[in-house]
Amino acid sequence: MPPQRARLQTWFTRVCSCVIVWACVAQVFALGPIWFSPRIFAPSRNRFFFFGSSWFPNFSLRSDSLSLPPPLSRLPSRIYKSNGYLKVSCNGGLNQMRSAICDMVTVAHWLNLTLVIPELDKTSFWADPSNFDDIFDVRHFIESLRGEVHIIQRLPKKFSRNASNDTLTMPPKSWSDEKYYLHQILPLFKKFKVIHFNKTDARLANNGLPIELQKLRCRVNYQALKFTPQIEALGKKLINILRGRGTFVALHLRYEMDMLSFSGCTHGCTKEEAEELRRMRYAHQWWKEKEIDSEDKRLKGLCPLTPEETTLVLRALGFDSGTQIYIASGETYGSARRLSALQAAFPRLVRKEKLLDHEDLKQFQNHSSQMAALDYMVSIASDIFIPTFNGNMAKVVEGHRRYLGFRRSILLDRRKLVELLDMHENKTLSWDGFVKAVRLAHESTLGQPACRKLVPDKPKEEDFFYANPHECLKNAIECH
């Protein structure tokens, strides 16, 4: 073989060898975390993931294995002359106020207003005296939104002296789009220096807003609204305790006195309890509906599932007695008596009061919103989240779990479930038939990627933006 040809052959062999070696190295770096992950070889401590690949084809088993989505890009920093001051008083519970705060930041941004740190509701059923800075990290809130909206902690003193002349107090129109605020609210600042919105729930449309405003709502919700260090620390402690005991389900059992009284749902209650709930409804002047047909509401799927109904549904879905279930809600109406069936079926039923020392919770006692913040953190971190009613917490947690990579949620079809439960109770549907029907009814209600339902001129019937903010979600399907 000629020397030149031999050299070329040697050179070619070395190049091919290098390519193969580097390809192997790249493969090791790419797949090493998977090959050598302890989770691959560790036995499951709680085998309640029952649905199989057909139910959850793209869902990860453990929520802590999901990587966080990249931060939403900030809008370009703006230097603007403020058009006035926006003061807001939130109404409702923690998560109703949370979504309202996101909306009000968005309105302030859109109108070039200076936003005063929101006031939280202290007069509703919960009578929680907490201020904004008792629940949320104020400094982080202001700094993370700097350049997008100017936020101050309190109005300048000069406005307190001339409040009647300088301030207009009003509720904005519900489900309004950006044009309403631009054409009807902004001109009011020519006469008033301060506008005080005394109601803030559901004041911004679900759909049809510019994409930049939708993404700002998400940026406020998932990045700017961070709980205080005290809440964050205790919430993480609670999550670590739960994870140390294995996988866990967060059950938002909304079978609480205020919900039952407000909705008029008394199925499973004694006559004395039903009367107590009726009296409470009449005692609250702002609860407009007084005389309510409980059975009719239940059949329409408008009532939270009872603890007994929840027990049957969980068993039908395949959860067994070894399942660790965390109750992420306040005190169950009827207390231990109403929880007896659930506790018997699931002995590993826990709540924060059982897992934490009294001293840990002492600072949060009598502060329902701060206690709800702990439940919120646990619900976000849980392996599966199951709400028994689609209230504000259920919706906001659902959306947050979608944002964090479509974490596993089971969104119960209460109307269908009530029908099936009654058939099973009347012995017209066997247990096996009940199980099959329950699972079939929930194949498409597991928190998968989906578009929000749009109902023109009927915003209350639409899917809530914060339950499915698809404009902000990584790997979401395309929606028009």
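1. A disulfide is here a pair of cysteine sulfur atoms within 2.5 Å. With bonded cysteines counted along the chain, the disulfides of the protein follow the pattern 1-5, 2-3, 4-6. The search of the whole structure finds three of them.

2. On the basis of these notes: the model is predicted, so local features need pLDDT of at least 70 and side-chain atom pairs count only at pLDDT 80 or more, while totals for chains, interfaces and linings use all residues. Residues are numbered from 1 along each chain as its sequence is written, and side-chain values use heavy atoms, with hydrogens and water left out.

3. Cys-218 and Cys-472 are joined by a disulfide with an S to S distance of 2.0 Å. The pair links distant parts of the chain, 254 residues apart: Cys-218 is in helix H9 (residues 211–224) and Cys-472 in the segment after helix H21 (431–441). Helices (H or I, at least four residues) and strands (E, at least two) are DSSP runs, numbered from the N terminus. The link of Cys-218 and Cys-472 is right-handed, with 80 degrees about the S-S bond. Cys-218 and Cys-472 are buried, where buried means under 20% relative accessible area, exposed over 50%, and partly exposed in between (1.4 Å probe, protein chains only).

4. The sulfur atoms of Cys-265 and Cys-303 are 2.0 Å apart and form a disulfide. Cys-265 lies in the loop between helix H11 (257–263) and helix H12 (271–283), and Cys-303 in the loop between helix H13 (294–299) and helix H14 (307–317), so the pair ties together parts that are 38 residues apart in sequence. The torsion about the S-S bond of Cys-265 and Cys-303 is about -85 degrees, so this disulfide is left-handed. Both cysteines, Cys-265 and Cys-303, are buried.

5. Cys-451 is joined to Cys-479 by a disulfide, S to S 2.1 Å. Cys-451 and Cys-479 each lie in the segment after H21, so the pair ties together parts that are 28 residues apart in sequence. The link of Cys-451 and Cys-479 is left-handed, with -95 degrees about the S-S bond. Cys-451 has a relative accessible area of 34% and is therefore partly exposed.

6. Which cysteine sulfur is nearest to that of Cys-90, which is in no disulfide? The sulfur of Cys-102 is, at 9.9 Å. Cys-90 has a relative accessible area of 5% and is buried. Cys-269 is in no disulfide either, and the nearest cysteine sulfur, that of Cys-265, is 9.3 Å away. Cys-269 counts as buried at 17% relative accessibility.

7. Rings of Phe, Tyr and Trp (its six-membered ring) pair if their centres lie within 6.5 Å; planes under 30 degrees apart count as stacked, over 60 as edge-to-face and the rest as tilted. By this rule there are 12 aromatic pairs. The pair of Phe-136 and Phe-227 is stacked, because the ring centres are 5.7 Å apart and the planes at 15 degrees. Phe-136 lies in the loop between helix H4 (132–135) and helix H5 (138–144) and Phe-227 in the loop between H9 and helix H10 (229–244), so the pair ties together parts that are 91 residues apart in sequence. Phe-136 is buried at 2% relative accessibility, and Phe-227 is buried at 4%. Phe-136 and Phe-227 belong to one aromatic cluster with Phe-132, Phe-141 and Tyr-376.

8. A charge sits over a ring if NZ of Lys or CZ of Arg is within 6 Å of the ring centre and within 35 degrees of the ring normal. Lys-290 lies over the face of Tyr-282, 5.8 Å from the ring centre. The charged end of Arg-315 sits over the ring of Trp-431, at 4.6 Å from its centre.

9. Is helix H19 (residues 392–403) enclosed or open? Of its 12 residues, 10 are buried, so H19 is largely enclosed by the rest of the structure. The buried residues include Glu-398, His-400, Arg-401 and Arg-402. H19 is followed by Gly-405, whose phi is positive, near 105 degrees.

10. Glu-309 is in helix H14 and counts as buried at 9% relative accessibility. Contact means heavy atoms within 4.5 Å; not counting residues up to four places away in sequence, Glu-309 touches His-267, Arg-298 and Leu-421.
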